[in-house]
Amino acid sequence: MTNPQPPIEPAFEPFAWRTVALELAAGGLALLLAVLLLAVGYGFAWPLTLEVGQRDGRFVGGFHETERLDGEPGRWTTDDSTLALPRPPEGQPARLTLRLASGRTENQPDPRLRLSADGRALAQFDVVRRIDGTRLYHVLVPPTSRADWALRLGLASDTFSPPGDRRTLGLALNHVELHALGGGWLPAFWVLGWAAAIGGLSYALLRSVGVGRMLALGLTGLLAALLAWGVAVRPLEILPYLQRLAALPALGLLGVALAVLLLPLRGGRATGGAVLVPGTVLPVLLGLGWWLPLGFQLALDLDGAVGVHPADLALWTGGVLLVGLLVLGAWGQFSGKREQAAHWALGLLAAAALVMIVEQLRFAFSRQAPDFWILFKGTRDWARGGSLYDLEAVLTNHFGHVFKVPPFYAMFFAPFVFQPGELVLLGHRIINTMLIGATALLWAWMSYELRVTSYELPRTDTSMQPIVNRQSSIELILGLLILFNFRPLFDTLSFGQIDLLLLLLLTLALAALQRGRDGLAGVLVALGTLFKIYPLLLLAFFVLKGRWRALGGFALAMLACNGLAVLVMGWEMHRVYLLEVVPRIGGTTAWIENQTISGFIARWFDNPEEATIFANRPLALLGLGLSALLSALVCLLALRRAEGRSTTFLLQYGLFLLLMVLAVPAAWMHYQTLLVLLFGALLLRWRERELPLGRALLLALSFGLIAHGNQWTFFSGQVDGILATLGLSYKMYGMLLLGGLVLAELKPLETLRDVTA
């Protein structure tokens, strides 16, 4: 017996003129505050200093690669090179200082440098030879105004080719300074415009997701203050990217607008002013969350970032999708059929997801698989009488391309190592594609068995209201298509990794635990541990839940499987793995693909473009300490009693999968394959409830950050400042956000009171 669904009410009641005036005034104040703060920061930014050859990719064009010039990093110009520097104050002249060397021998004439500013001739002079190398040259730059972030300086000169060097070299440059003159305080119009956009858009976004007026104003001011501080102390790392920062709240507002347009939201007096989202339409928000990062990728590409141009198929699909969603939303609003519009939007987003799934499968089958070849060639070396493990390579850098997994894994490659490698790889990929399908089918079956009941929320919690709206099988399939449009799945397939098998094994283990087959669950976790070590974390879950038969099944499976592996692979490989490989494969790395807490810390102190071992022991221990605190919190939440078939149990289990890819010191982006389970768990938890729009949008944001793209999607190949370093960890932010949503559901304080009572 089910209760009738409450009538759909408008998401927003009409504003009174006074309310509109207040919003406009507050928005204008936020805009003005951002402009003033960034103007102050801009005033402290001068002079600007650029050390050429050191993370200067945003500022140089037409130069040769970095090399050592007179003992310092620098670059050679060509016959037509360009420098781009943030614009000086509006209407004010500037002094340009260049440290140059001619590089000519005594029998060659001094080269003549012709300088231009924004395409207009500026000065020309000879760069004379000096015994001590470089010399400083000062040039007055008259006021210029242009709709661009940069003052673009052209450097054209005579060229020569040294003996044995085919390059045509102009001048050696290693230092540039730009001094603002005249005492003017008005920033360049470009800076003012984007400062206003950041302030206004950020305030509007915060208000649109339900943040109070004063809090939204305060948060906008805090953001502007942080940016102003960054402009003052590190201007070359902030000023060239203001337009990219403005794109983020703009895309967020687009997402909120589409959600309001498409979904049957409920708000007004009946909900205490809150805007509520039916849980059955959450897959629509997940779909929007996947596509919005494509807009930021396009913004980066339009702003000159190299190597981040979206795939043409994604652009065309996204464009058609956007038009279709706008048409659907308009039809739903004007016809009053917002529920039907939401269902059609689900179908449209699922169709777009299917297009991208097929494209990602095509891409995965067409590229090389570096991880597969490590395993295949290592096992082939063993079959030829050698060893699985190159201990010197493991010791030098085990984060590189080196075999370091248990011999049990190699055992499955052993029968095929003398077959054509490409044929074995094709079979490996076909099997992994089948594993994706099997996991999706298993999840569909589990979701129909798991029914969310209202008693799982405390009666005093009014932030969500139970509703009854069972999903049809068609809606479930459409939602699964959106959920499984998950880039880590296909990167795992592409690289030739094993995480798809782990996802299936750990999903099966969950299903076994829910049905009281604890011994089988332990066996499945043991199988996963024999492929990758990190599923060992689930042993803590078994202990905390008192699932002792699961521990027994794990122990027996480990004995049986390792015994079989010893018979096939020999004891020596196991001895080497346990005594010589395992002790050497700890630590973390700053490598961009490592999205763990430890990796985030390492990226601030080491090169994120290389997968080398992070050697700073105190900072590595800090990362481990923070990860341990997070693990302790997850263990505390697991102590809360929950029936095996409840979504509370499901979320508790899923948090341990999150630990595997967030708290372990080194876990690559494609390891996040496992998080499909945790997103599915939240969809099950909320599918028969209403939840605040802000919380639903946070889930969509988390999904977009994790499901969209990989280490190359937004990365132009060079880390050139604080914003780039922050941006490299975008998937970690998605994981922290996902964990925060689950923690909010499981209520740590209530759990602590229950445990200590």
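**Close-up views of salt bridges and a helix pair**

**View 1. Glu23, Arg207 and Arg213 are linked in a network of salt bridges.** A salt bridge here is a side-chain nitrogen of Lys or Arg within 4 Å of a carboxyl oxygen of Asp or Glu, and a search of the whole structure finds 23 of them. The model is predicted, with local features needing pLDDT of at least 70 and side-chain atom pairs counting only at pLDDT 80 or more, while totals for chains, interfaces and linings use all residues. Residues are numbered from 1 along each chain as its sequence is written, and side-chain values use heavy atoms, with hydrogens and water left out.

**View 2. Arg146 and Asp118 meet through their side chains in a salt bridge of 3.4 Å, N to O.** Arg146 counts as partly exposed at 43% relative accessibility, whereas Asp118, at 16%, counts as buried (buried is under 20% relative accessible area, exposed over 50%, partly exposed in between, with a 1.4 Å probe and protein chains only).

**View 3. Lys532 and Asp499 form a salt bridge whose closest N and O atoms are 3.7 Å apart.** Both Lys532 and Asp499 are buried.

**View 4. Arg685 and Glu745 form a salt bridge, with the closest N and O atoms 2.6 Å apart.** Arg685 belongs to helix 23 (residues 676-686) and Glu745 to helix 26, 60 residues apart, where helices are DSSP runs of H or I with at least four residues, numbered from the N terminus. Both Arg685 and Glu745 are buried.

Conventions
Helix = DSSP H or I, 4+ residues; strand = E, 2+ residues; numbered from the N terminus.
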